[in-house]
Amino acid sequence: MDPDETDDAGLLALAQDFREALRHSIYLVRRLDADGELSAAQLSTLKMLEADGARVGEIARNLGVKVPSATEQIIKLERAGLVRRDPDPDDSRGVRVRLTAPGRAAVASANARRNAIMAAILGSLPAGDRAALASALPVIGKINETLQSPGILPPARPGTPPR
């Protein structure tokens with residue numbers, strides 16, 4: 001694939017190659033947690049709560065599951081003392097799920113474990129490959145920002161995994 005191709009067929013091919021590389025990477029990164037105490041789904045849930053927590057519906061959309069499945073996940077994490085539910089300051093009928101101190105510690109531990117494994121892998125690559133990856137990260141960040149923009153993605157149907 002020539003990265004300078006800008007015709008529709010070239011862009012579609014690039015999009016497909018990029019999506020497939022991301023999909024495969026996601027599967028492999030999830031395997032980094034196989035020996036951890038938390039499942040990949042639990043860790044994903046905890047990671048999305050790092051900033052200011054999230055509402056259950058938002059968690060469900062991000063996980064690509066229905067609200068009852070997300071609620072079940074939250075209940076397990078709550079019982080483990082990793083999250084808590086607080087009233088949503090923006091909506092008196094809603095709740096925000098937030099990390100507890102042990103939840104933050106679990107995320108930090110998982111991040112340290114993942115980063116150590118990934119650093120060992122990156123350390124085995126030639127310097128030019130590491131530089132190419134570092135150069136690509138801002139572009140991937142721009143793609144992620146665009147995907148988060150309102151109206152870019154169709155609304156998720158409950159129970160439909162993201163593509």
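Which backbone oxygen does the side chain of Arg-96 reach at 3.1 Å? The side chain of Arg-96 reaches that of Asp-52, a polar contact in the sense of a pair of N or O atoms within 3.5 Å, where within protein one must be able to donate a hydrogen and the other to accept it, and residues adjacent in sequence count only if both atoms are side-chain atoms. This is a predicted model, in which local features need pLDDT of at least 70 and side-chain atom pairs count only at pLDDT 80 or more, while totals for chains, interfaces and linings use all residues. Residues are numbered from 1 along each chain as its sequence is written, and side-chain values use heavy atoms, with hydrogens and water left out.

The protein chain contains 6 helices and 2 strands, where helices (H or I, at least four residues) and strands (E, at least two) are DSSP runs numbered from the N terminus. Along the sequence their pattern is α-α-α-α-β-β-α-α. Of the 163 residues, 21% are buried, that is, under 20% relative accessible area with a 1.4 Å probe and protein chains only. Contact means heavy atoms within 4.5 Å; among contacts between residues at least 6 apart in sequence, 49% join residues at least 24 apart.

Arg-96 belongs to strand β2 and is buried, with a relative accessible area of 13%. Not counting residues up to four places away in sequence, Arg-96 touches a set of residues including Ala-54, Arg-55, Glu-58, Arg-84, Asp-86 and Asp-88.

Helix α2 spans residues 40-48, and its buried residues are Gln-42, Leu-43, Thr-45 and Leu-46. These residues lie on the same side of α2 because they cover an arc of only 155 degrees around the axis, taken from the directions from the helix axis to the C-beta atoms. They pack against α3 (56-63), α4 (67-79), β1 (83-88), β2 (91-99) and α5 (101-123). Within α4 lies Gln-73, which is buried at a relative accessible area of 14%. Not counting residues up to four places away in sequence, Gln-73 touches Ala-41, Gln-42 and Thr-45.

Definitions and conventions. Buried means under 20% relative accessible area, exposed over 50%, partly exposed in between (1.4 Å probe, protein chains only).
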